[in-house]
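This report walks through one protein chain, from its overall contacts and layout to a few individual residues. Please keep the sequence and the structure at hand while reading.

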Amino acid sequence: IGDTVYFMPPYVVGEAEIDGEIVWRDRSVYLRRGKTEGPRPKKSPGKGQPPAPQPEAVWALGGDTGRQFAAVSGDSNPIHMSALAAKAFGMPAAIAHGMYVKARCLAQLESQLTDAFTIEVGFKAPVVLPTKVGFASAKHEDRLAFTVHGTRKPTQHLRGSLRPPERSEASRPVRHCRSPTPRSPPARRPASDVPTFRTAAVTEVLSARPGLQRVAVQMPDGS
């Protein structure tokens, strides 16, 4: 299996291929701090977050969830490792990896996964550890929508959908790894001009070729 990572701002794209055929692709958009352009939309008075849907599963995430996932993923970002380190970066405590929460959603939907599919998620609020969160899903036409909410408050942490791939990518040529072309650093813009991007990830499993298998990542605690 070969893999490719390339940059297409504001995306980071990863691909995997078998015998020259792309069988997996992931596109991620990462958060950038800054002020949005134009006036902020006004909030409707008296309206907060809607009630959280009835969860079909509740996950208890311990304070060491970030350290356990870092041990199997290699992502040891300080905001996931300890409350003290996370506070140094402006977080109230350690937060769960977004990819861990996404993987838990896929594990919850395992019985409904087909050979080829597209899963898309948007991260709405950090999952501050330790905590309990609820998972809920509902069928909408050709896709399955799902959410991860808090159990004490109706905070929506993640919203996503599972759907069939839009088109076959079997004939698409493989793009080889390339580095961004060196360039002069851009002029610094005022904070009011810096856009804010939501954090999101889209994963496409494009083929069920022999040799491409789903991989179950087991946490050190056995979960």
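In this predicted model, 68% of the contacts in the protein chain with a separation of 6 or more are accounted for by residues 24 or more positions apart. The chain holds four helices and nine strands, and from the N terminus on these elements run β-β-β-β-α-α-α-α-β-β-β-β-β. Of its 223 residues, 33% are buried, while the exposed surface comes to about 14400 Å², with 54% of that area supplied by carbon and sulfur atoms.

**The hairpin of β2 and β3**

Strands β2 and β3 pair in the antiparallel sense over eight bridges, and Glu 15 has Arg 25 in β3 as its bridge partner. Two residues lie between the strands of this hairpin, where Asp 19 takes a positive phi near 55 degrees. Strand β3 is largely enclosed by the rest of the structure, because seven of its nine residues are buried. In strand β2, which spans residues 11-18, sits Ala 16; this residue counts as buried because its relative accessibility is 14%, below the 20% cut-off. The C-alpha atom of Ala 16 is separated by 9.1 Å from that of Asp 26, 10 residues apart along the chain.

In soluble globular proteins, nonpolar side chains tend to be buried together.

Phe 135 touches, among others beyond four places in sequence, Trp 59, Cys 105, Leu 109, Phe 146 and Val 148, and its contacts also include Pro 55. Pro 55 itself lies in the loop between β3 (21-29) and β4 (57-61), and, leaving aside neighbours within four places in sequence, is in contact with Gly 134, Phe 135 and Ala 136. The C-alpha atoms of Pro 55 and Ser 137 are separated by 8.2 Å, although these residues are 82 residues apart along the chain.

In helix α1, which covers residues 65-73, the buried residues are Thr 65, Gly 66, Gln 68, Phe 69 and Ala 70, and what covers them includes β4, α2 and α4. Just after α1, Gly 74 takes a positive phi of about 85 degrees. His 97, placed in the loop between α3 (83-88) and α4, is in contact with Gly 66, Phe 69 and Ala 70, as well as with Asp 75 and His 80, when neighbours within four places in sequence are left aside.

| Residue | Relative accessibility | Class |
|---|---|---|
| Pro 55 | 32% | partly exposed |
| Ala 16 | 14% | buried |
| His 97 | 2% | buried |

Pro 55 counts as partly exposed because its value of 32% falls between the cut-offs of 20% and 50%, whereas His 97 counts as buried because its relative accessibility is 2%.

Terms used:
Residues numbered from 1 in each chain as written. Predicted model: local features only at pLDDT ≥ 70, side-chain atom pairs only at ≥ 80, totals over all residues. Heavy atoms only, no water. Buried < 20%, exposed > 50% of the residue type's maximum accessible area, 1.4 Å probe, protein only. Contact = heavy atoms within 4.5 Å. Areas by Shrake-Rupley, 256 points an atom, 1.4 Å probe, with all protein chains shown as cover. Pairing = 2+ DSSP bridges.
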